[in-house]
Amino acid sequence: MEANRGQNGIQLLLAAEQEAQSIVNAARNEKLARLKQAKDEAEKEVAAFRAQMELEFQQKVAESSGDSGANVKRLEKETAEKIENLKAEASRISQDVVQMLLKHVTTVKN
């Protein structure tokens, strides 16, 4: 009877071990499934955030490129004005410069 009782105890222990192992395996599988789900959700959030940032970037580029045409025109106008100012200044002092150069070229020093 004692041997039969020991056999039953061993069988109970083996059954409990198998049940514990299946509980652990089920928990491990649930954990892996949840991790996969969390990864998928995170990838979706990243993709949505990236799309939003790209849209904002494209809007800023569009806004600034519209201004760049105006900036180019403004810079061209400023450059033309500066060139005209330099030409006017050069023509105003050109006679003085010619006189100064002639004086230095024709003066002989010992």
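Is lysine 36 buried or exposed? Lysine 36 is exposed, with a relative accessible area of 53%; here exposed means over 50%, buried under 20%, and partly exposed in between, with a 1.4 Å probe and protein chains only.

Colleagues, a word on the source. This is a predicted model, in which local features need pLDDT of at least 70 and side-chain atom pairs count only at pLDDT 80 or more, while totals for chains, interfaces and linings use all residues. Residues are numbered from 1 along each chain as its sequence is written, and side-chain values use heavy atoms, with hydrogens and water left out.

I turn to the salt bridges. Side chains of opposite charge can pair when their charged atoms come close. A salt bridge here is a side-chain nitrogen of Lys or Arg within 4 Å of a carboxyl oxygen of Asp or Glu, and the count comes to three.

Lysine 36 pairs with aspartate 40, their closest N and O atoms being 3.5 Å apart. Both lie in helix α1, four residues apart, about one turn of the helix; helices are DSSP runs (H or I, at least four residues), numbered from the N terminus. Aspartate 40 is partly exposed, at 32% relative accessibility.

Glutamate 78 meets arginine 74 in a second bridge, at 3.0 Å from N to O. Arginine 74 is partly exposed at 41%, and so is glutamate 78, at 32%.

Finally, arginine 92 bridges to glutamate 89, with the closest N and O atoms 2.4 Å apart. These two residues are three apart in helix α1. Arginine 92 counts as exposed at 55%, whereas glutamate 89 is partly exposed at 37%.
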